[in-house]
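Please work through the following exercises with the sequence and the structure at hand. Each task is followed by a solution in steps.

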Amino acid sequence: MAEREPNLITSSLSREVSRDGVTVRVEIYRLEDSPGWSLEVVNDKGTSMVWDEQFETDDGADAAFLETVAADGMIVFLDSATVIPSRR
């Protein structure tokens, strides 16, 4: 018998965010058998930016999104943006 695939758990913090004329979909999720949360931001053209690291909590993932917006603005999620690495 084949082993079933784990379910995807989506955080209630996943949402659409509009700011400075840019709208993105913030997706925060994890596999049911994994403790780490993933962060993905999808722009209006369907291009996604996925963080390499996983977060201990969905709040931590959301904080990383908000920190990126505060440091670099929503423009970093546009296809035409010049991506500048965020300060750590």
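**Exercise 1.** Locate D20 and state whether D20 is buried or exposed.

Step 1. D20 lies in the loop between β2 and β3; strands (E, at least two residues) and helices (H or I, at least four) are DSSP runs, numbered from the N terminus. Residues are numbered from 1 along each chain as its sequence is written. The model is predicted, local features need pLDDT of at least 70, side-chain atom pairs count only at pLDDT 80 or more, and totals for chains, interfaces and linings use all residues, while side-chain values use heavy atoms, without hydrogens and water.

Step 2. D20 is exposed, with a relative accessible area of 67%; exposed means over 50%, buried under 20%, and partly exposed in between (1.4 Å probe, protein chains only).

Step 3. The phi of D20 is positive, about 55°, although D20 is not a glycine. Most residues other than glycine have a negative phi.

**Exercise 2.** Determine which strands β4 is joined to by bridges.

Step 1. β3 and β4 run antiparallel, joined by six bridges; strands pair if DSSP finds at least two bridges between them. E27 stands opposite E40 in β4, and a hairpin of six residues links β3 to β4.

Step 2. Three bridges join β4 to β5 (residues 48–50), also antiparallel, and S48 in β5 is the bridge partner of V42.

Step 3. Four residues separate β4 and β5 in their hairpin, where G46 in the turn has a positive phi of about 90°.

Step 4. Five of the six residues of β4 are buried, so β4 is largely enclosed by the rest of the structure.
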